[in-house]
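Subject: the model, and what turned up in it

Hi,

Here is the structure I promised to pass on.

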Amino acid sequence: MAYIKIFPIKVTDKKALDYITNPDKTDEKLLVSSFGCSPETADLEFSMTREMAKKNGMDKGDNLAFHLIQSFKPGEVDAETAHRLGQQFAAEVLKGKYEYVISTHVDKKHIHNHIIFNAASFVDHHKYVSNKRSYHKLCRISNRICLENGLATSMPTGEKGKSYKENMEYHRGTRWKAKLRVAVDKAIWTSINYEEFLQKMQLAGYEVRQGKHLSFRAPEQKNFTYMKSLGSYYTEENVRIRLAKNRSKVKTPKHLSREARLYINISTYVTTGNREGFEHWAKLNNLKEAARTFNYLSENNLLNYEDFRQHVSDVDASVKAADQRIAHITSELSTQKVIQKHCDSYRLCRKVIEDCKSAKNPKEYRSKHLAEYQLHDSLKKELQDLGVTKIPSSEKIQKRIENLESEQAATVREKQKLQKKQKTLDIIQQNFSVLLDAPEINSDLLSAKREPVSVTRDK
């Protein structure tokens, strides 16, 4: 469980950076790392980025930086794990746009991370906005990372409509009302009268109590939940109205695809006594869906089941490869933007140093520009660590970034096309066995007119 605090730094960020990188608190600085800057010169690099932001008209607000504290329960994680989770948290929150220094303090019973990041972005020079909405976003990211790593969640996420008791149930993973709404909706969609609705709720594992107000209780729930407490849409009166509509029109979830809506709940038609109408409808629609399946398999030369399975596997592998490519491009793009920022800063420092040659009093000049001299050496080392030994031109770096952004966008589009094909193949895969096991359908398909299938056409 991680607790999050954030507050702005308005006076000096150097003192705060010196505090969080204290060797006595960070295992001799072994638990200190950074992004887009060096921990030793972070305040100077922050300042230079803010100056660039000011030149670009982005000097909004008086915040120099922000100080994030991420605290864990005593004994919950070790120092290395805490530092890794802090790095993941900072990377997801700041998205590679803000320089930051992160340190893990082990001088207290509860291990905690300090993250100090620049108020101005070195990518677009926009200032970070800290408010209730952004704080809740931090909490949501922190909660998700905790869940992914087997830790409990603790931070508020800004969701409305929960009582204190329900909010505690939410943190314990129960959320009785949310689960009950889902169960009620599902039961209503597949029922046409009140009695059938109650039976479906019992089959779902709920205990039913019909007193003055209808209420339900899940197997592990202590108290009954009144339907009226779920909202006006779930009152007993509205439930009966929704059920009444099902008698003349089959109720299906709106988010389902057109293909999924072709298959309706048999029990609904059977209960209405309209067996003949259902059988006629089902025959037409099943044949139509079978024809779509046959057309796709025929057009793609996949009538052999093993070929089809290999086709599905190839598409799945292509999606994974696209994911890996996107991750690689994103990482490289982030690195290039850091290199661009370092090169811009290095050129400014280099110019200051070269101007020393024409200064009337070189000693006084160097004393006045001590920060630029210090930053020049630090940036040179950081660039060398990134594999840059010769400073490229601004145009060359920008061109490289634009090419990566273009490649990233193209790969994302390709992944979306592949995912669309995956959805189509899921439907085809479900129908493939039907084709094999239904010779009477196959005989109809052989004489059917083959038309292009819109749901399987990829552009």
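A quick word on terms before anything else: helices here are DSSP runs of H or I with at least four residues, strands are runs of E with at least two, and both are numbered from the N terminus. By that scheme, lysine 54 belongs to helix 2. Please keep in mind that this is a predicted model.

Since we are at lysine 54, I'll finish with that residue. Its relative accessible area is 44%, which makes lysine 54 partly exposed. Along the chain, lysine 54 and alanine 120 are 66 residues apart, and their C-alpha atoms are separated by 9.4 Å.

Now the overall picture. The protein chain has 16 helices and eight strands. It runs to 459 residues, and 41% of them are buried. If you take the contacts between residues at least 6 apart in sequence, 70% of them join residues at least 24 apart.

The strands around strand 3

Strand 3 covers residues 65–72, and eight of its eight residues are buried, so this strand is largely enclosed by the rest of the structure. In a regular strand, side chains alternate between the two faces of the sheet. You can follow that here: Ala65, His67, Ile69 and Ser71 point one way from strand 3, while Phe66, Leu68, Gln70 and Phe72 point the other way.

What does strand 3 pair with? One partner is strand 1 (residues 2–9), in the antiparallel sense, over eight bridges. Another is strand 5 (residues 112–118), also running antiparallel, through seven bridges.

Seven of its seven residues are buried, so strand 5 is largely enclosed by the rest of the structure. Both of its faces are covered, with His112, His114, Ile116 and Asn118 on one side and Asn113, Ile115 and Phe117 on the other. Strand 5 also pairs with strand 4 (residues 100–105), antiparallel, over six bridges. Tyrosine 100 stands opposite phenylalanine 117 in that pairing. Strand 4 and strand 5 form a hairpin, with six residues between them.

Helices

Helix 2 (residues 42–55) and helix 14 (residues 370–385) have axes that come within 10 Å and cross at roughly 100 degrees. Angles of 65 to 115 degrees count as roughly perpendicular, and helix 2 and helix 14 are therefore roughly perpendicular to each other. On the helix 2 side, the residues that meet helix 14 are Leu44, Glu45 and Met48. They meet Ala371, Gln374, Leu375, Ser378, Leu379 and Glu382 in helix 14. Sorted by type, the residues of this contact are five nonpolar, two polar and two charged.

Helix 6 (residues 176–189) has 14 residues and reaches 20 Å from its first C-alpha to its last, close to the 20 Å expected at 1.5 Å a residue. Which residues of helix 6 are buried? They are Trp176, Leu180, Ala183, Val184, Asp185, Ala187 and Ile188. An α-helix has 3.6 residues a turn, so residues three or four places apart point the same way.

Strand 7 (residues 214–217) is joined to strand 8 by two bridges, and serine 215 stands opposite tyrosine 226 in strand 8.

Two residues with positive phi

Last item. Glutamate 28 is not a glycine, yet has a positive phi of about 55 degrees. Lysine 29 also has a positive phi, near 70 degrees, and is a residue other than glycine. Glutamate 28 sits in the loop between helix 1 (13–20) and strand 2 (32–35), and lysine 29 lies in the loop between helix 1 and strand 2 too. Are they buried or exposed? Glutamate 28 counts as exposed at 56% relative accessibility, whereas lysine 29 is partly exposed at 38%.

Cheers

Conventions. Residues numbered from 1 in each chain as written. Predicted model: local features only at pLDDT ≥ 70, side-chain atom pairs only at ≥ 80, totals over all residues. Heavy atoms only, no water. Buried < 20%, exposed > 50% of the residue type's maximum accessible area, 1.4 Å probe, protein only. Pairing = 2+ DSSP bridges. Axes fitted to C-alpha atoms, helices over the stretch in contact; angles between N-to-C directions. Parallel < 35°, antiparallel > 145°, perpendicular 65-115°, else oblique. Contact = heavy atoms within 4.5 Å. Nonpolar A, V, L, I, M, F, W, Y, C, P; charged D, E, K, R; others polar. Expected span 1.5 Å × (residues − 1).
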